Each structure stands twice: as structure tokens, then as C-alpha cells.
Amino acid sequence: MRLLVCGGAGFIGSNFARIRARDHGDDVVVLDKLTYAGRRENLRDVEHRFVHGAIEDPAAVAEAIDGADALVNFAAETHVDRSIAAPDAFVQTQMEGTYALLEAARERAVRYVQVSTDEVYGSIEEGSFTETSPLNPSSPYSATKAGADLLVGSYVHTYGLEGAIVRGSNAYGPYQYPEKLIPLMVLNALHGDALPVYGDGMQVRNWLFVEDFARGIGRVLDHGLPGEAYNVGGPDECANIEVVRRIVELTGADESVIEHVPDRPGHDRRYSLSSDKTRALGWEPQVRFAEGLERTVAWYRDNGWWWEPIRSGEYRAYYERQYGRALG
Ligand code: NAD
Ligand code: DAU
């Protein structure tokens, strides 16, 4: 099929585009604004046509969507800490951008998949969220993602758009921008920088290897029902402090580099998804967290060409603002 991948120069979108072009033979078009998080290098081994533009720009969307059978929307501002510091770009991309894509998909009867997050359900102390759990987002990031989900639902209900939503848990793996927990800790450990753990570090996340997430999204694209949401959760839960200790072991760093720093405002304690509905489509995660983390540490260790320009650019200034200290 001809597949438009919005936000395909980012972490999950580029992994998804690679799998669809390589394993499914899809004719991939990527539409991406190339924010700090989007990089052409992420797609260097992916056959695709690239359109540089914002999803909230109808002209760029029209150019990219021409002839598409389906559209998968990954494009978003994605980092919770940045949403707390400056929510405006989150509202613009998630709300206005999703709106522009929905309009274009509706006019042309293009199948639509919205990539969303477990964070729209909020925090859960025990048990797991299903797709019918109420939306209860905590941060500007998750609130704008929930708003986008509701807008997608309204286009299905009102205009008969053939649209579905995929809600994934915490993804990790190659090509993830180092503002996120795992790559940040891996690169800091490899450089001898402190590892900043928010609060007590007992917050729990449901870790999902990026290729498993990409395959789950593909399953919904190929077999999901219009109007439905599908959870795609990782096979293992782990407290942040345990993740960081394991990274210390895998990188050969010293435990003394772990440093507890002030907690994130409004920090969600635990996320957990039930993915039975997506499993019923024939998907299941293949990579356990222990294996995926080893593979991820090895990838960052071996791919300095990818992260060296990042650690010397915008990321350094961001890191100083966020953590009140410079990277070494
Ligand atoms: P990312 O930050 O790595 O990449 C986002 C991509 O979107 C970048 O290429 C960026 O340039 C592009 N983009 C941003 N604003 C844009 C705009 N206005 N127009 C066009 N392109 C724009 O993000 P990611 O971690 O790959 O996340 C992809 C999607 O998956 C997001 O929708 C996110 O909410 C969702 N998600 C992420 C996770 C996770 O753990 N990373 C988990 C569940 C869901
Ligand atoms: O759950 C899915 C979500 O996972 C996605 O929707 C988001 O786009 C993605 O950013 C991610 O959100 P989190 O806030 O869970 O991920 P992050 O990597 O920022 O943080 C993971 C946990 O680690 C969280 O409890 C905060 C903590 N943390 C994070 C950083 C960056 C630290 O303790 N120290 C840090 O320096």
C-alpha cells in the first residue's frame, strides 16, 4: 500500500517506516517538520519519499497525502518535561496538527491510525488499563494526546472516517532522542555524567521494545476495526531505579553516579496496560525487557555517529535548563 507516515523521522516513526518498507513492501511517504527530535539520518536505510513540513500545514499535508491508501500519525511533541516547561507547541501540534490530518484524510477517504499513549489514562496503582478505561491525563503532554484521541473519535463517529487509535506504553530502543530516561542514562553513564533519578525512583513503567510497538501498530493498521482503540503494552514492568541500576551494570559505570534529584511536578506513579484486544489481532511482544535493554545499550555504544551531533547541539542547552547543570 502507499503509506503516509507522519512524524516518520522520529524515534518510533522511523522504526515503523523501516519495518513497513522492508518487510511489507509498502510505498512509504514521510511527512515531518524535523523538530529537534526529527532527523533524516533515522531514515538513512529506509526507502521512502520525504516531505518536509508540519502536520498543521494543509499545503504540506496535501502534498504528502496525495495517492495514499493509509496514514499513520506519529507526529507529536513527546517529552513530558518539555510540556511542563512550555506547553504551547504541544497544543499546536497535537490539536491543530491532528485536526489538519483528519480533514485531509476525511476528504480523500484515507484510512487513519493515530499513535497515542498509555499516559492518556493517567496513573494506576494496581491492575491495568483497558481500552474502555476513562481518560484521565495528568500533564500538558498527555492532555493534548487525549484531546487528539477524542478528535479522532469524533471524525469516526460524525463523518464515518475509517480511523483507529493505538495506545502504547513506554517505548525504548535504537534512535530514541536522549532526553528520554533510557538513552539519557546510557549516554550519561558512558560519559561519566551523573544519572539524575527523579524523586525516589520507584515510579513504574511498562517497557516496550520499539520494534514490538511498531509491529503492534502495523497489526492495527492491517487488521484493526474502525472506531476502535487498541492498547500495545510491553511485556515487563520495572521501577525507574531498577532500570538505572541495570544500565550502570551494562555500561560498567560506578553506582555512585546515580543521583536523586527533585521530582517531576505531577509525576505519574505507575502506568500499566492490558493488551488483550491487540493480542486478539495476532500481535504479541517478542522482546523481554532484559534482552531489549542489552540490545539498546549495545546500539548506543556502537553508534556514536548518531548521538554525537545531538549531544553537542540543542540537547546540551536543554539539559542545562532542565537539570541545572552542564553535561560533561
Ligand atoms: P519523537 O519525539 O522521537 O518524534 C516525533 C517526530 O514528530 C519527530 O520526527 C518530529 O520532527 C515530528 N514532529 C513533531 N511535531 C511535528 C509537526 N508539527 N509536524 C510534523 N512533524 C512533527 O517521538 P516518538 O517517541 O517517536 O513518539 C512518536 C509517537 O508515539 C508520538 O505520537 C507519541 O505520543 C507516541 N508514543 C510515544 C511513546 C514513547 O515511549 N516514546 C509511547 C507511546 C506513544
Ligand atoms: O508511557 C508512554 C510515554 O512514555 C510516551 O507517551 C511519552 O512520549 C514518552 O516520553 C514516555 O513518557 P515518560 O514520562 O514515562 O518517559 P521519560 O523517559 O521522560 O521518563 C520515564 C520515567 O523516568 C518517568 O517516571 C520519569 C523518570 N525520569 C526521566 C528522566 C528523563 C527520571 O527519573 N529522570 C530523568 O532524567
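This is a predicted model: local features need pLDDT of at least 70, side-chain atom pairs count only at pLDDT 80 or more; totals for chains, interfaces and linings use all residues.
Some ground rules. Local features need pLDDT of at least 70, side-chain atom pairs count only at pLDDT 80 or more, and totals for chains, interfaces and linings use all residues; side-chain values use heavy atoms, without hydrogens or water. Residues are numbered from 1 along each chain as its sequence is written, while chains are lettered from A and ligands numbered from 1 in the order in which they are written.

Start with ligand 1. It has 30 residues around it, each with a heavy atom within 4 Å. Ile12, Asp32, Thr78, Tyr141 and Lys145 come nearest. Now the polar contacts, meaning pairs of N or O atoms within 3.5 Å. The side chain of Asp32 has an N or O atom 2.6 Å from an oxygen atom of ligand 1. For Thr78, a polar side-chain atom sits 2.7 Å from a ligand 1 oxygen. Ligand 1 alone exposes 830 Å², and the protein buries 97% of that. Those areas use the Shrake-Rupley method with a 1.4 Å probe.

Which elements build this shell? Helix H1 (11-23), strand E5 (111-117) and helix H5 (140-159) each supply at least two residues. E5 gives the most, with 3. Helices here are DSSP runs (H or I) of at least four residues, and strands (E) of at least two, numbered from the N terminus.

On to ligand 2. There are 23 residues around it, and Asp118, Tyr141, Asn170, Arg264 and Tyr323 come nearest. Thr117 brings a polar side-chain atom to 2.7 Å from an oxygen of ligand 2. In the Glu119 side chain, an N or O atom is 2.8 Å from a ligand 2 oxygen. Ligand 2 alone exposes 690 Å², of which the protein buries 95%. Helix H6 (181-191) and strand E8 (195-198) each supply at least two shell residues. E8 gives the most, with 3.

Where does ligand 2 lie? It lies between domain 1 (2-171 + 208-232) and domain 2 (174-205 + 235-271 + 288-323), because both give residues to its shell. Those bounds come from an automatic or database domain assignment.

Last, the second largest cavity. Its lining has 13 residues; Val80, Ser139, Gly266, Asp268 and Tyr271 are the closest to its centre. Domain 1 and domain 2 each give at least three residues to that lining. A cavity is a set of points on a 1 Å grid, over the protein atoms alone, where a 1.4 Å probe fits but cannot get out; lining residues have an atom within 4 Å of a point.

Notes:
A polar contact is a pair of N or O atoms within 3.5 Å; within protein, one must be able to donate a hydrogen and the other to accept it, and residues adjacent in sequence count only if both atoms are side-chain atoms. On a 1 Å grid over the protein atoms alone, a cavity is a set of points where a 1.4 Å probe fits but cannot get out, and a pocket is an open set with protein on both sides within 12 Å along at least five of seven lines; lining residues have an atom within 4 Å of a point.
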